[in-house]
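Good morning, and thank you for making time for this presentation.

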Amino acid sequence: MTDPASDGDPELTDAQGKFEQRIHVENGAAYGVIGADLHVWGDGTPLYLLENWRNQAADPTCRISDLGSLRQWRRDNASLAVRWLYGPPGTGKTRLADTLAGESSADNWKVVVATPGPGTVPEGQDLRLGKADGIILIVDRADHWPASYLALLLTNALFRRRPDGRTRTRILLIGTTADDWPGLRHKLSGEQPATSSQRLEP
Amino acid sequence: MADRRSHLIFISYRGSDENWAIELVYARMTEAFGDDAVFKAGNSLRFGEDFPPILRKEAASCPVMLVCIGPAWLTATAPDGTRRLDSPEDWVREEIATSLQAGNYVVPVLLGNHNEVSVPKPDQVPESIRAMVHRQAWQLAPGRLLGATVPMLIDRLAELVPELAERRRAKSTAQPASGTTMTQHNEVGGNGLLGAAQAGSVYVNAGSAAQSATGDGGPARAGRRADMPFESELTTLAEAAAVALVTAMGTNAWTSVRDAVVAVFRRGGTKGHDKIGDRLDDHASLVFDADDQAGERAALEPFWQLRFRELVNAAPECAPYLAEIIRVRDDAARPAAGTHLEQHTTVRDSGRAFVAQGGNVIMHGDLAAPPSGTTGRASTPDGSGTETA
């Protein structure tokens with residue numbers, strides 16, 4: 001949702017034409033996206049918020065072997081892959097994900113972050129793939145998400161494949177334990193993603 | 001805009017009333033008859049315009065007035081505590097009186113369930129608008145029936161006013177050309193909630209909150225809601241896939257959407273799946289040949305919703321492929337290259353807006369009984385909006 005009295009004004013052109021979304025908030029709140037679905041409760045709470053990943057201080061020295069595994073996962077040929085990354089608090093999961101996000105962004109991947117609602121994001125978010133080679137969605141604290149939200153998330157237009165079928169989609173779910181993973185993996189089986197889990201040792 | 005065609009439908013409403021439904025009415029009317037057919041003060045007046053003479057002129061000249069009456073319509077009070085309707089300066093009262101005097105069709109549109117809202121009694125309204133209570137009313141209750149009651153209202157209005165039928169025909173055959181600018185204006189205020197999509201759709205999934213309240217009782221771990229049971233997701237998907245399917249009928253998205261639907265039924269392997277292709281072709285030709293394509297689509301939608309629900313009940317593993325149908329439709333329905341899409345949204349008075357371009361807005365929850373006193377509403381589907389060259 002945008003802050004009161006702010007203007008969200010993304011304007012971009014791509015092969016499908018020019019999209020222009022202007023949001024003017026005098027008093028209240030707004031959340032706008034381009035190229036994605038929004039799920040909203042009747043009381044005005046978003047089920048989840050999507051926003052473009054913002055540049056964080058990457059730490060390429062962090063957990064080299066774990067990072068290597070994630071790099072390999074991203075490079076893999078599967079068109080859709082879902083990974084559950086888990087470990088106790090303080091093991092550097094978020095930092096690891098941020099590092100992967102930074103590298104991916106530099107390699108022309110679209111990186112999007114999903115958080116459960118209610119919450120705020122800076123302004124209207126342009127989430128179209130454009131000419132990106134693929135998309136990575138990072139879901140932090142995924143074990144705090146109801147599994148049904150995660151299943152709904154996967155139907156989002158965000159993951160609409162390009163007509164050439166080349167777009168690769170990676171979904172990185174981050175949790176402290178793997179307790180929720182088997183159930184979710186079962187729910188996802190219809191999508192036939194390549195699923196995997198990765199544990200970070202303390 | 002100086003030489004714009006005259007409006008035909010005047011939407012009368014109270015800003016403090018059922019905003020979701022008022023926006024829904026406005027969105028569906030403009031979708032069916034075109035933006036220039038519908039007058040609604042919040043959308044049609046421009047900044048700085050002297051509104052009293054415009055309101056009086058439009059109220060008198062529009063052959064139809066839809067008086068949107070929600071539960072708060074009758075009892076709304078001014079800041080000084082007096083009932084708005086009792087004030088001679090109440091604009092709602094004045095515009096209705098003007099329309100009645102001009103001999104127009106004044107249709108009370110009751111927004112809510114039967115136990116929440118009804119036509120006012122004659123002694124509850126001022127003399128100047130008393131004739132309205134004897135006019136045939138139309139009820140729009142939240143929930144799945146909206147998919148039938150709104151199209152029926154549109155049909156009745158087209159029967160009532162021949163010029164509306166003409167506008168509807170012209171609207172349904174107009175196709176945006178390359179190089180066209182499609183503009184959508186959205187506005188929300190009065191603590192209301194707005195969902196709007198351009199090059200996408202707004203879906204209302206009214207059943208999910210009611211189901212979560214009585215659902216599997218799982219722990220609420222995200223926000224303050226219980227986990228939505230999987231059952232309601234399937235219903236959401238079945239509804240959304242049915243909408244995607246029927247909106248593709250009679251358009252150039254049809255072939256790819258048809259193939260995706262045949263594939264999902266084949267995958268499910270349920271009884272009669274081999275006849276789905278024939279049924280789809282029959283229905284597509286019904287829409288193709290219909291004078292009223294939107295009405296035909298609305299009539300076919302429940303049929304496909306039921307088929308999809310049966311399919312996912314029998315073969316839950318097919319559910320993700322329903323989402324694929326929506327994706328295929330969205331891909332095929334993308335605006336032509338060179339199209340310029342503009343979406344303008346203004347939020348005032350503690351309103352909240354959820355807007356998407358090139359995506360959908362899916363509203364969940366029981367719109368009849370929101371927990372916080374605000375209500376959900378949906379407006380302005382598929383790229384509708386003012387078209388300028």
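**Burial, cores and helix contacts**

Chain B has 389 residues, and 49% of them count as buried; a residue is buried if 20 or more other C-beta atoms lie within 10 Å of its own, exposed if 12 or fewer, and partly exposed in between, with C-beta atoms placed from the backbone. Please keep in mind that this is a predicted model, in which local features need pLDDT of at least 70 and side-chain atom pairs count only at pLDDT 80 or more, while totals for chains, interfaces and linings use all residues. Residues are numbered from 1 along each chain as its sequence is written, and chains are lettered from A and ligands numbered from 1 in the order in which they are written.

The secondary structure of chain B consists of 12 helices and 12 strands. These are DSSP runs numbered from the N terminus, helices being H or I of at least four residues and strands E of at least two.

Let me turn to the cores. A nonpolar core is a set of buried Ala, Val, Leu, Ile, Met, Phe, Trp, Tyr and Cys residues joined through C-beta atoms within 7 Å. The largest has 119 residues, and Ile9(B) and Cys68(B) have the most contacts inside it. Helix H1 of chain B, residues 19–33, gives the most to this core, with 10 residues. A second, separate core has 33 residues, including Val261(B) and Phe265(B).

In chain A, the axes of H1 (residues 64–75) and H2 (residues 93–106) come within 10 Å and cross at roughly 45°. Axes are lines fitted to C-alpha atoms, for helices over the stretch in contact, and angles run from 0 to 180 degrees between N-to-C directions. H1(A) is therefore oblique to H2(A); angles under 35 degrees count as roughly parallel, over 145 as roughly antiparallel, 65 to 115 as roughly perpendicular and the rest as oblique.

How do H5 and H11 of chain B cross? Their axes, for residues 146–160 and 293–314, come within 10 Å and cross at roughly 155°. H5(B) is therefore roughly antiparallel to H11(B). Gly147(B), Pro151(B) and Asp155(B) in H5(B) meet partners in H11(B) that include Ala294(B) and Glu301(B).

Technical notes:
Two residues are in contact if their C-beta atoms, placed from the backbone, lie within 7 Å.
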